Amino acid sequence: MKHRGFTLWFTGLSGSGKTTVSNRVHLRLQEMGVTNVEILDGEAVMRHLYDGHGFTREDVNRDTLRIGWVAHLLARNGVPSLVAAVSPFRESRDEVRSMVEHASGPGSFVEVHVDCPPEVCRERNPGGPAEDAGEPYEPPHHPEVLLKTDASTPDECAERVIEFLTEKGLVTP
Ligand SMILES: Nc1ncnc2c1ncn2[C@@H]1O[C@H](COP(=O)(O)OP(=O)(O)OP(=O)(O)O)[C@@H](O)[C@H]1O
Ligand SMILES: [Mg+2]
């Protein structure tokens, strides 16, 4: 199917559901014939793109920009990517937005706020990385898609994302 490159950027607290929803979106895209999709998430991103040197605001922003840089390379070559990264700070997410849109055109950066109360995130993942679920997190002011994962199922959330992509003509059913 015809589609152009874009970056689907899932941001939210640890345990909010970024990995879960993005994997479902990936499956749905494959069913729709969009098969050249990259997922930037998890172990591979940690190993290759995070420098692990520290957790200052500057360090975290630098990690966010590295993932964004890869996503923008993919997008400008017509490859959609699904990024699942806490990416807590607005300034670096906004910088990635500019980078992607500069390379692939307006509307090619789709910010998905995976929203869930910190106490629910912590319950979902006790003892895991979600112990930092109450860390400073700056929610997007105007995300393209807002998902409340404590109030809808993963499938419903994924469907909302697919509807948005279809409405905007980023994918064609
Ligand atoms: N609507 C929903 N969307 C996504 N996940 C949900 C939803 N409802 C319940 N969950 C559950 O919440 C958990 C979310 O975990 P997940 O690993 O996807 O979070 P994450 O945001 O990727 O965290 P991390 O930043 O630590 O990688 C899963 O166990 C999932 O089954
Ligand atoms: Mg995850």
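Predicted model: local features only at pLDDT ≥ 70, side-chain atom pairs only at ≥ 80, totals over all residues.
Residues are numbered from 1 along each chain as its sequence is written, chains are lettered from A and ligands numbered from 1 in the order written, and side-chain values use heavy atoms, without hydrogens and water. Local features need pLDDT of at least 70 and side-chain atom pairs pLDDT 80 or more, while totals for chains, interfaces and linings use all residues.

**View 1. The shell around ligand 1.** Ligand 1 is surrounded by 17 residues (a residue is near if one of its heavy atoms lies within 4 Å). Ser14, Gly15, Lys18, Thr20 and Ser152 are the closest. The shell has 9 polar, 6 nonpolar and 2 charged residues (Asp, Glu, Lys and Arg count as charged; Ala, Val, Leu, Ile, Met, Phe, Trp, Tyr, Cys and Pro as nonpolar; the others, Gly among them, as polar).

View 2. The side chain of Ser14 places an N or O atom 2.5 Å from a ligand 1 oxygen. For Ser16, a backbone N or O atom is 3.4 Å from an oxygen atom of ligand 1. For Thr149, a backbone N or O atom is 3.3 Å from a nitrogen atom of ligand 1.

**View 3. Helix α1.** This helix (a DSSP run of H or I, at least four residues) covers 18-31. α1 gives the largest share of the ligand 1 shell, 4 residues. Lys18, Val21, Ser22, Val25, His26 and Leu29 of α1 are buried (under 20% relative accessible area, 1.4 Å probe, protein chains only). Seen down the axis of α1, the buried residues fall within an arc of 145°, so they line one face of the helix (the arc uses directions from the helix axis to the C-beta atoms).

Terms used:
Polar contact = N/O pair within 3.5 Å; in protein donor to acceptor, adjacent residues only side chain to side chain. Helix = DSSP H or I, 4+ residues; strand = E, 2+ residues; numbered from the N terminus. Buried < 20%, exposed > 50% of the residue type's maximum accessible area, 1.4 Å probe, protein only.
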